[in-house]
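Please read them with the structure open.

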Amino acid sequence: MPKSCFDCVRSIESVYTGGCVVTSADERRIFTTCNEDIAVLDLVSGEKLAELKGDTEAITCFALKPDGSHLVSASRSMQVTVWNLMSFKTERSFKAHDAPIIAMDIDATSTLVATGSADSIVKVWDIDRGYCTHSFKGHSGLITSVRFHPCEDKICLVTASDDGAIRVWNLKQRKCEAVLSSHVSVVRAIDFTEDDGGHGGNNGQRQYMITAGRDSVINVWDWKRKALVRTIPVYEPLEAAGILLPKVSSRYGGGHGRIIFSGGERGVVRLWDMDSGEEVFTQTKELNSKHSFVDVLYLPHLHNLIAVTNDQNLLFYSATDRLERARQIVGYNEEIIDMAYVGHAHTHLAVATNTEQLRIYDTSNLNCELAYGHKDIILALDVHACGAIIVTGSKDNTAIIWAVNMSAPPSQRIVCVATAIGHNKAVGAVSLSHGADSLFMVSGSEDRTVKMWDLSPLRAIFDSPERATSIIGNSGPAKLQTLYTFQAHDRDINSIRVSPDNKTFATGSQDKTAKIWDVATGKQLGILQGHRRGVWNVAFSPTDRVIATTSGDRMIKLWSLSDYACLKTLEGHTNSVLCTEFLSAGTQLASTGSDGLVKLWNIHNAECVLTLDKHESKVWSLAKQESEEHIATGGADSVIRIWKDTTQDETERICREEAQVLEQQQALDNFLLTKDYRNAITLALSLGQPHRLLAIFRNVMMAAEHRQSMQTSSELSEDIGANGADAILGNAAIDEVIGSLSPEQLECLLGYVRAWNTNSRHSRIAQATLHCILTQYTSQDILALPSAKDLIAAIQPYSERHFSHLDTLLTGSFIIDYTLHAMDVFITADMDGLDAGDNGTASVHD
């Protein structure tokens with residue numbers, strides 16, 4: 001069945017654009033900085049639950065109450081905002097410092113928040129009452145870190161600045177207890193060991209404090225003596241450090257004491273023995289990854305570490321499983337360049353963005369897997385018909401073949417099985433063959449050449465993608481060989497597609513042409529000329545010998561593969577058409593463009609039947625499921641929209657509504673036939689039929705006037721009075737119905753009165769209806785309607801015009817009365833004269 005309706009059922013948007021990240025104490029939600037706002041995410045699925053709208057200034061830091069009831073944020077406007085996390089609304093806002101706040105922490109009782117600013121001042125605030133309780137001065141540089149010490153007998157605050165100085169403040173005595181000066185650069189992390197009465201018995205106080213910073217060391221301090229115990233050199237600037245729980249530490253050998261985790265410039269998590277200073281474990285860095293860590297969060301209940309990267313990703317590592325990556329949340333996608341559905345059931349979406357990682361989203365819960373392999377941005381991708389083999393082309397002049405098995409352990413879900421090296425410039429277009437009979441891949445590059453790659457050495461992987469890891473073994477990815485190479489165009493190649501029968505392939509180029517080539521020989525079979533701008537995309541019809549091309553000239557052209565003539569031209573986009581796909585067995589086309597629109601076309605009449613407008617910028621890519629139940633679009637706005645085909649549901653809904661309307665129409669006719677005006681008026685209002693309602697009022701008023709003119713006896717007069725001769729609209733039941741309308745129905749009726757009142761033929765009924773409304777509703781009732789002001793403003797001038805016309809008619813009627821009265825006088829005089837003449841004549845004759 002041809003498609004006519006798509007609804008957006010899911011969006012993959014930016015959830016983290018760099019900055020502060022905090023998790024809730026129950027480890028169910030995570031809060032991230034998203035532009036000038038704060039995003040609230042479900043920690044398990046990564047789905048956005050809510051968004052705290054900022055004050056249009058960048059968020060500098062925020063902290064969460066341990067009880068999870070409120071969040072306190074600070075922005076570059078120097079304003080501190082307290083958010084209620086039940087309603088996600090602002091409770092209060094106040095100016096805290098004369099410079100931006102850089103660091104913030106909330107104490108264990110959820111009562112106090114400490115703020116450290118670029119003005120070198122540390123302040124402590126009562127969160128619920130909104131006033132400053134302490135103001136500490138002493139630092140000579142920017143405050144880079146603040147942390148409450150969670151002891152029970154006294155409240156202590158530890159602060160650090162960019163000059164490396166650490167100060168310990170006693171809030172009860174309002175003084176600085178100690179100054180710790182071992183760091184020589186910015187201190188970024190402060191943490192404390194758990195209670196341990198067996199090490200000195202200090203009444204349950206925390207025994208040790210660790211500090212880490214960009215001077216590439218971790219310092220261990222005796223908390224009671226405020227003395228340096230040990231310095232651990234880590235040889236990298238650190239942004240985060242903390243202490244693992246003892247039961248997690250035992251997973252890395254029984255001989256170790258407390259274990260410290262650290263993360264920083266290298267982009268790996270490292271573990272250190274706090275007692276000996278030895279390195280316990282170091283993560284293996286992802287292949288070709290370039291990220292560094294800007295923060296590492298510890299989830300003690302889930303035994304996870306969340307590494308926050310400088311390329312806006314949240315990487316989840318298992319603290320109990322040798323820091324294996326469990327999953328990740330992608331915070332920001334840059335531009336969406338290309339997409340395709342993967343998996344046997346097409347439940348995942350492979351995405352190429354302005355990064356070197358291949359990203360595969362689970363469309364059911366938005367979890368994302370990252371695959372590292374390319375050294376530069378991925379520009380194009382394609383998926384084999386089996387759904388488990390992907391090819392990507394990159395700016396690093398290479399193409400990579402990946403085997404995908406999303407049910408495998410995290411480290412084996414996306415495996416690089418082969419590389420294609422040979423192009424001299426960026427690989428901007430790739431396409432895989434269809435089926436398993438003929439295995440090859442075609443690539444096109446900015447060097448204007450096309451290469452045909454032999455994939456037959458990978459047949460075992462194509463047959464069993466889930467065994468890719470064991471098949472490639474220790475030998476690593478295979479090196480693909482080319483079958484032939486030739487220059488295909490005079491300018492950059494934008495698109496390549498292999499035909500469904502694997503016999504031909506098409507290329508589209510910035511030289512304004514598309515060309516058809518023979519797969520076996522690489523010989524040119526035809527050239528498609530007619531576009532006035534570069535060709536962005538080509539697509540073969542799955543059923544007919546037809547190919548579609550899209551271009552910067554805002555047109556889609558359909559070409560015959562028999563004689564390479566243009567069959568149809570589809571026009572409708574207001575800017576370059578960037579991508580297209582055939583749907584509905586080749587009878588329809590979906591297209592995307594630089595105008596941010598997604599359009600659906602019927603090919604037989606070249607008609608656009610649907611336009612989807614959800615993107616805010618260029619829509620570079622379009623992907624469809626094999627079943628065509630869902631399509632996905634992505635573009636320069638960094639948003640992926642997943643659309644569901646709801647044509648069948650919409651058709652059924654329309655049929656149900658039409659059947660319901662027919663039933664209601666029949667019921668309305670029945671009510672009118674039985675003169676059940678109460679139900680007839682209510683139903684006419686619900687159906688939105690002002691003309692039927694107008695006819696009801698007109699007929700009733702005319703019938704009442706007719707009965708009144710025909711009254712001849714007192715008995716009949718009494719009967720008429722009982723049936724509503726005194727009613728405004730001619731029937732007491734109608735007046736009663738109008739007096740009992742709901743506010744929505746009253747507003748609807750006034751809207752009809754406004755329309756009727758503009759026509760002099762209906763003005764009498766409009767005025768009578770208005771009279772009936774005004775006599776039964778107070779002015780407060782009418783003014784409470786949402787559109788009361790507009791309705792009154794529209795009804796008043798026409799009413800004044802009608803009354804002015806009535807005054808004119810009334811004045812004219814007085815003139816007619818005077819004229820008729822005067823004519824009666826003359827007629828009487830003439831009649832008297834005639835009578836006198838007749839009498840005189842009679843006397844003479846006598």
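**Notes on packing, rings and loops**

1. Apart from neighbours within four places in sequence, Leu 749 is in contact with Leu 685, Leu 693, Phe 697, Ile 738, Leu 741, Trp 756, Thr 769 and Ile 773. Keep in mind that this is a predicted model.

2. A second core can be located separately. It has 36 residues, and among them are Leu 271, Leu 305, Tyr 341 and Ala 623.

3. The largest nonpolar core is made of 37 residues. Leu 749 is one of the residues with the most contacts inside this core, together with Leu 693, Phe 697, Leu 750 and Trp 756. Two or more residues each are given to this core by helix H5 (677-687), helix H6 (690-709), helix H8 (732-738), helix H9 (743-757), helix H10 (763-776) and helix H12 (788-845). Which helix gives the largest share? H5 does, with 7 residues.

4. Next, look at how H5 and H6 pack. Their axes come within 9 Å and cross at roughly 150°. An angle over 145 degrees counts as roughly antiparallel, and H5 and H6 are therefore roughly antiparallel to each other. On the H5 side the contact involves Tyr 677, Ala 680, Ile 681, Ala 684 and Leu 685, which meet Leu 693, Ile 696, Phe 697 and Val 700 of H6. Sorted by class, the residues of this contact are 9 nonpolar, no polar and no charged.

5. H6 also packs against H9, with an angle of about 80° and the axes 11 Å apart. Angles of 65 to 115 degrees count as roughly perpendicular, so H6 and H9 are described as roughly perpendicular to each other. H6 contributes Pro 690, Leu 693, Leu 694 and Phe 697 to the contact, while H9 contributes Leu 749, Tyr 752 and Trp 756. This contact has 7 nonpolar residues, no polar and no charged ones.

6. The structure holds 10 aromatic pairs. In one of them, the ring centres of Phe 136 and Trp 169 are 4.6 Å apart and the planes are at 15°. Are these rings stacked or edge-to-face? Planes under 30 degrees apart count as stacked, so this pair is stacked. Phe 136 belongs to strand S13 (residues 131-137) and Trp 169 to strand S16 (residues 166-170), so the pair ties together parts that are 33 residues apart in sequence. Phe 136 counts as buried at 5% relative accessibility, and Trp 169 is buried with a relative accessible area of 3%.

7. Another aromatic pair, Phe 261 with Tyr 298, is tilted, with 5.9 Å from centre to centre and 55° between the planes. Phe 261 is in strand S23 (residues 259-264) and Tyr 298 in strand S26 (residues 293-299), so that the pair links distant parts of the chain, 37 residues apart. Both Phe 261 and Tyr 298 are buried. Elsewhere, Tyr 484, Phe 486 and Trp 517 form one aromatic cluster.

8. Glu 27 lies in the loop between S2 and S3, and Arg 28 lies in the loop between strand S2 (21-23) and strand S3 (29-34). Are they buried or exposed? Glu 27 is buried, with a relative accessible area of 7%, whereas Arg 28 is exposed, with 59%.

9. Most residues other than glycine have a negative phi. Glu 27 has a positive phi of about 60° although it is not a glycine. Leu 323 likewise has a positive phi, near 60°. Leu 323 is placed in the loop between strand S28 (313-318) and strand S29 (325-330), and counts as buried at 4% relative accessibility.

10. The last point concerns Val 186, in the loop between strand S17 (175-180) and strand S18 (187-192). Val 186 is buried, with a relative accessible area of 13%. Beyond residues up to four places away in sequence, Val 186 touches Thr 144, Ser 161, Asp 162, Gly 213 and Arg 214.

Methods: Residues are numbered from 1 along each chain as its sequence is written. This is a predicted model: local features need pLDDT of at least 70, side-chain atom pairs count only at pLDDT 80 or more; totals for chains, interfaces and linings use all residues. Side-chain values use heavy atoms; hydrogens and water are left out. A nonpolar core is a set of buried Ala, Val, Leu, Ile, Met, Phe, Trp, Tyr and Cys residues joined through side-chain atoms within 4.5 Å. Buried means under 20% relative accessible area, exposed over 50%, partly exposed in between (1.4 Å probe, protein chains only). Helices (H or I, at least four residues) and strands (E, at least two) are DSSP runs, numbered from the N terminus. Contact means heavy atoms within 4.5 Å. Axes are lines fitted to C-alpha atoms, for helices over the stretch in contact, and angles run from 0 to 180 degrees between N-to-C directions. Angles under 35 degrees count as roughly parallel, over 145 as roughly antiparallel, 65 to 115 as roughly perpendicular and the rest as oblique. Ala, Val, Leu, Ile, Met, Phe, Trp, Tyr, Cys and Pro count as nonpolar, Asp, Glu, Lys and Arg as charged, and the others, Gly among them, as polar. Rings of Phe, Tyr and Trp (its six-membered ring) pair if their centres lie within 6.5 Å; planes under 30 degrees apart count as stacked, over 60 as edge-to-face and the rest as tilted.
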